[in-house]
Amino acid sequence: MKQTEKMDKLWEFIASYRKSDQKSIIDSMAHHLGFTLCKSRYTTSNVDVYDGIALSIRDHLVELWNDTQHTYDEQGCKKVYYLSLEYLIGRSLRNNLVNLNLYQAYQKAVAEIGFDLEEVEELEHDAGLGNGGLGRLAACFLDSMAALKLPAYGYGIRYEYGIFQQKIENGQQVEHPDLWLSEGYPWEIPRWELSVPIKFYGHVHQYKDEQGVSRYNWLDTQDVVAVPFDVPISGYGTRTVNNLRLWSARSSKDFDFQLFNAGDFLRAVEEKQKSETISKVLYPNDTGFLGKELRLKQQYFFVSASLQDIIRRYKMSHDSFDHFPEQIAIQLNDTHPAIAVPELMRLLVDEEGLEWQKAWSIVTHVCAYTNHTVMPEALEKWSVELMDNLLPRLLQIIYDINHTFLNEVRKKRPHDVDMLRRISLIDEGDYGRNKQVRMANLAIVGSHTINGVSALHSDLLKTTIFQDFFKLFPEKFQNKTNGITPRLWLRCANPELSELISSKIGDSWITNLDDLKKLVPLAEDADFHKEWQAVKRKKKEQLAAILLERQGIELNVDSIFDVQVKRMHEYKRQLLNILYTIVLYNRIRRNPEGDYVPRTIMIGGKAAPGYYMAKLVIRLASDVGRVVNADPVLQDRLKFVFLENYSVSFAEKIIPATELSQQISTAGTEASGTGNMKFCLNGGIIIGTMDGANIEIREEVGEDNIFIFGLTTPQVMEARKKGYSPRDYYTNNPELKEALDMINSGFFNKDNPNLYNDIYNALTYDDYYMLLADFMSYCACQERVNQAYLDQEQWTKMSILNTAKIGKFSSDRTIQEYAEEIWGVEPVEIQPVEVSKR
């Protein structure tokens, strides 16, 4: 189609919409797509079309964003500020089109000029500003806050390089930089005029004010400038467009001309490079001192910038801080933003001149803390020496908070020295050496509410790692079970299933996920079964085509698609899955004529660059896949695939195609998990342990519609207490022993036969996460899976009921609970604003 013909088609389409209620956005689309066609006089690419669409959508988002901010300011409503070091946003084009009810209009417009919108969408880079569940949860929460019309703001870091691109080279994970900003990010809006200074290093000077009160100046600091970039967050079917503000580090001294003129060219730009490193990369490897320093810098950088911004916005309509707690709610997403407690104290006392007690009352009335782990080693601690050097004023404040807090506890428990030691904000180390600041303790002491993210997790907080604090402040502790946004994880990720569901029960489920229960009667309907199976088959075929193109692996779409995708970690037990794969492999080799349920096992996830064992497991998975997939004896009855470069956009392809979802962490280790919810929403059936949200999912979908195995949390604790011996399981289970011996002997890597000795030794002599203890139960459960899959009528019924009964796990429900029970914020109806007032 010639360019002139494309222009004519576009104008014809636009004319048909001129009288609709979508006139303004269609006009914007006409402007940007028309400009795209004009500037590309001879050829127009998918990239050109993507740019035109994205910019036109952004125009509309900005209009609604202005209306939203104006309404919030006019009404003086209480606002919530969500502080998270991670936001795993993924792609925004489809999500925004769906939320604004513009997808079909744009699909037609793009088709009129000879392009396919789905192909255009594939050009968008994932905004991978997170490592896994924590960042994806934060993104779901932002979506729900906007959908629920809540006055909310997100704060984070605009990492120049997001979560790394994972390449599997010679079977090993190799990290490549994620160049997500290389072609620009059309959704962001730079706000240079709102930049703020951030202090590091220097020293503290004490002085007396006019009333004789001790005051402190933080002097001779090395300052960095935090520059905000705003990303509009649209709410489904609403006029609400909230704001995600991401901070980028810039040097306060761009260039040293004196050094340059003296010929020292490298040092002339050194300050700029050092400053901008702060927002350069998501989560540096913090195994060394410099990595730890940079990570602490990142946390303080975004927290200080965000708090300064919150105070600036508050002061625009208030002359004093008397009403600060009535107007502000601050949510700390895990311990990463815990430095907000002393930083808010510093800003209120040092910068705003408040008295200590008043400032502390404000802090403890506005801050709330979400914990995401039950493992003590995962609770952040920072070296006192490091903090004294990098943030000397903050360390002073932490010591003052600790002194006051411990004195208050002494009054209640004067003789409980051990408790004082455990709850102190300072870990005294070995005889006063290697002192560390306990960031989780700091967050608890400085917050009015502490919540876990599943019923089991919240109970474990009270009985294990935070039991002392629970005894002191039982009223502070709550549970807020995690959830996922149905807009992305069903409406956008699986349009075929979404359309099927809406054709039967309407589309109210998109904003009220409990309405999926209307599907329950259809679980007995044979015709609906066929439609449901057809959708699943189509999604499996789509995934198979993607993997053939990306990784050159051909899948048997008649096999059960058995998937485990999540961050690579020992407690998530990808190794248990691999061991079972080896056992299946051996069974088929021993008895090729046997009757087997065909199975395609897929594992995907990224290992932290410095996590040796997780990276070794990836290499083993690659080697097992290479051996298994090359064996002609298997004849498509078993395939094992490591899914390279797992991401949000890749998950949107994998999850709808999955039939069996592996959620097999050791009981008592997974705080919640949200992948389990995404798979159920798309009709995937869980095989899992009684861990995290699996327990609550079992309660909702029914024990007949989930496959549960393994030790419970009390049984895990009891086994460790008695002295767990993995060697006993190894010697007493021939199939398990054979699989482990194959790993240890070099069967899967004959060129380096000792490569996996560390895995063998870890499992047979330690096995902290109890894979061997759960192995027999896991294998028996997998046999139940096989039998269920053979009865496709029963399997389809289970699949439908998983979707129908998953409504509790909408992030809308979670956020509603936060809003009512922690933040005290209410929905706000956004009013259109006259153009002259924008």
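The model is predicted, so local features need pLDDT of at least 70, side-chain atom pairs count only at pLDDT 80 or more, and totals for chains, interfaces and linings use all residues. Residues are numbered from 1 along each chain as its sequence is written, and side-chain values use heavy atoms, with hydrogens and water left out.

I start with strand β1, residues 79-83. Helices (H or I, at least four residues) and strands (E, at least two) are DSSP runs, numbered from the N terminus. In β1, 5 of 5 residues are buried, where buried means under 20% relative accessible area, exposed over 50% and partly exposed in between, with a 1.4 Å probe and protein chains only. K79, Y81 and L83 lie on one side, V80 and Y82 on the other. In a regular strand the side chains alternate between the two faces of the sheet.

β1 pairs with two strands; pairing requires that DSSP finds at least two bridges. With β13, residues 328-333, β1 runs parallel through 5 bridges, and V80 has A329 as its bridge partner. With β4, residues 152-157, β1 also runs parallel, through 4 bridges, and there Y82 is partnered by G154.

Next, β2, residues 87-90. Y87 and I89 point one way, L88 and G90 the other, and all are buried. Three bridges, written 3 on my slide, join β2 to β3, residues 127-129, and these run antiparallel. Y87 stands opposite L129.

Now an open sheet of 3 strands, in the order β15-β17-β16 with antiparallel pairing. β15 (381-383) and β16 (426-427) are at the edges with a single partner strand each, so one side of each has no neighbour in the sheet. Between β15 and β17, residues 436-438, there are 3 bridges, and S383 has Q436 as its partner.

D388 is in helix α15, residues 384-390. How exposed is D388? Partly, with a relative accessible area of 44%. D388 and Y201 are 187 residues apart in sequence, but 8.3 Å apart in space, C-alpha to C-alpha.

Last, the helix pair. The axes of α24 (574-590) and α31 (734-745) come within 9 Å and cross at roughly 105°. Axes are lines fitted to C-alpha atoms, for helices over the stretch in contact, and angles run from 0 to 180 degrees between N-to-C directions. The two helices are therefore roughly perpendicular; that label covers 65 to 115 degrees, with under 35 roughly parallel, over 145 roughly antiparallel and the rest oblique.
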